[in-house]
Amino acid sequence: MNRLLEMEEALIAEARQWAQARMTERLQAEADACASVCPRTGEPLSDVRFRAIELRTACGPVKLRVRHGYSRALEAWVCPARIAWGLEKHQHITPALAARIIHTVTETGSYERASAMCTVWGSSISDGAIRQLTQKLGGRMSELPLPAEKPMDREPPFSLVIMMDGWMARGRGKGWGASPRKQVDYRVEWHEIKSAVIYRLHQRAENQSGRGVLTEKYAVATPPGTSPVDFGAAVHAEALRRGMGRAKAVYLVMDGAVWLWDLAEDRFKDATKTLDFHHAREHLQAVADMEHGVGTQANRDWMKRTTRDLASGRQIRVLSQLEGLLGSERQLTVQERADLEREVKYFRSHRDHLNYKGREQDGSPRGSGAVESLGKQLQARLRGCGQFWGQHGLPPLLCLCVAVKNKDTHLLWN
C-alpha cells in the first residue's frame, strides 16, 4: 500500500475518532445539565427516568444517556435534551449530517448513488433512509417562508435579469403497474417542470476561454402540475426577495412559448422583454428552408444576411422582408403559405422583443442560456435513465435541489 495513502487514511480515522469522542462528551454534558423540567411549559416532569439513545452525527454514531419525563400539561413523554437540540421525537440524524446528505442526494443521480457516496465520505446510510429524509425535509422546505435578502449598506445601483423556461420529466401514468403483456395506455406521462434563473447583471463574467459564467444566481423550479399563474407568483416572489423592488432595470429573456409571454405581461409588465436570439434564429431558418431549400447556398447567404441585420438593430427591416414574402409572386402551396404566415405572425407578435442591439449596448443578455443550463442540471438529477416519478416522489427532491442551489438549506434548522 502506498505509504502516503496509508498515513493519510490513518490520520483521517484518528481525527474522526477524536471528533466522535468530543461530540459524545459535549452532548452528554449538555444532556446532564438539562433539568427535569418541560422546556415548553416550564412545569416539572413526573416519573423521570434515564434512557439510552443513539444519534447519527457527521462525526459518527454517538451513544448518550438522557432524561425522559412525563408532562401532564402536554399529556406526553418529553425529553428536555432533544428539545434543547431541536430534535424531533424519533429523530436520530443530526442537522449537520442531514445537510451533508441533502447536498449529496441532490448532486448524485439516484438514492442508491447517494448512499454509496455517503459511505465514501464516512457515513454509512441506506438509500431508503436517504429517501425518507429527502421526502421529509423537502416537504418542510416547500412550506418555509423565505426571508428577504438584506440590502447592503450603500448598495450600488444594479439591474436584475430573469429568464424562464420549461422542460419535461417522466412520470408514472395510470397504467404504470399493469403487466407488459397488456395493452395499457398512459403507462408513462410527461410533465412540465417550469423553471427560472434570476441574477444581477454585474454577476456576469467570463472565464479564461471567454465563455460566459455567472458568479452568483438563484433558481426557481415548480413541481409538475403547477399552473403558469402559480409559477409566475413563485418567480415574482423570488425576484422580490433578490431585490427586484430596488433594481434600476429588470430584463426578461425567454423563448417564444405563449404561456411565458402571457405570464410576463401579468407579472413583469414593466420589464424590458427580449425574445431569445437563438429561438428567433431557428424561426428564421424555417423561413429560409421554405424559401430557398434546405442546405442550399442561397439559404446560407439569406440566413447570414438576415441574422446580421437582426443582431445589428435592423429588426424592422427583417420584419418588412418577412412580410414581403407573403406578397411575393412565387407560387405557394396551401401548406407552404400557412407555414409562412405562421412564421410571419410569430415575428409580428415579438416586434417589440427583437432589439438585440439595444441589449448589447446596455450589457444585458440576448439569449436565455442560463435557464437552459439550469434545466440541464436538474434533468441530470431528475430525468436520468430509468427514472419515472410518482405523484409524491419528485416535488420534495426538486424543492431541495433548488434550496441547495440558492444556499437556503440552513433555513431548515434556523
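User: Is Cys 399 buried or exposed?

Analyst: Buried means under 20% relative accessible area, exposed means over 50%, and partly exposed lies in between, with a 1.4 Å probe and protein chains only. The model is predicted: local features need pLDDT of at least 70, side-chain atom pairs count only at pLDDT 80 or more, and totals for chains, interfaces and linings use all residues. Residues are numbered from 1 along each chain as its sequence is written, and side-chain values use heavy atoms, with hydrogens and water left out. At a relative accessible area of 19%, Cys 399 is buried.

User: How many disulfides does the structure hold?

Analyst: A disulfide needs a pair of cysteine sulfur atoms within 2.5 Å. The sulfur of Cys 399 is 9.3 Å from the closest cysteine sulfur, in Cys 401, so the two are too far apart for a bond. For Cys 385 the closest cysteine sulfur is also in Cys 401, at 18 Å, again too far. The number of disulfides is zero.

User: What is the relative accessible area of Cys 385?

Analyst: Cys 385 counts as exposed. Its relative accessible area is 85%.

User: Which residues does His 350 contact, leaving aside its neighbours within four places in sequence?

Analyst: His 350 is in the loop between helix H11 (334-349) and helix H12 (356-361); helices (H or I, at least four residues) and strands (E, at least two) are DSSP runs, numbered from the N terminus. His 350 is buried, at 4% relative accessible area. Contact means heavy atoms within 4.5 Å. With those neighbours set aside, the partners are Gly 256, Trp 261 and Leu 275.

User: How many residues apart in sequence are the parts that Arg 246 and Glu 155 tie together?

Analyst: A salt bridge puts a side-chain nitrogen of Lys or Arg within 4 Å of a carboxyl oxygen of Asp or Glu. Arg 246 and Glu 155 form one, with the closest N and O atoms 2.9 Å apart. Arg 246 sits in the loop between helix H6 (228-241) and strand S9 (249-254), and Glu 155 in the loop between helix H5 (127-143) and strand S4 (159-172), so the separation in sequence is 91 residues.

User: Which residue forms a salt bridge with Glu 360?

Analyst: Glu 360 is exposed, at 54% relative accessibility. The closest N and O atoms are 4.0 Å apart, and the partner is Lys 357.
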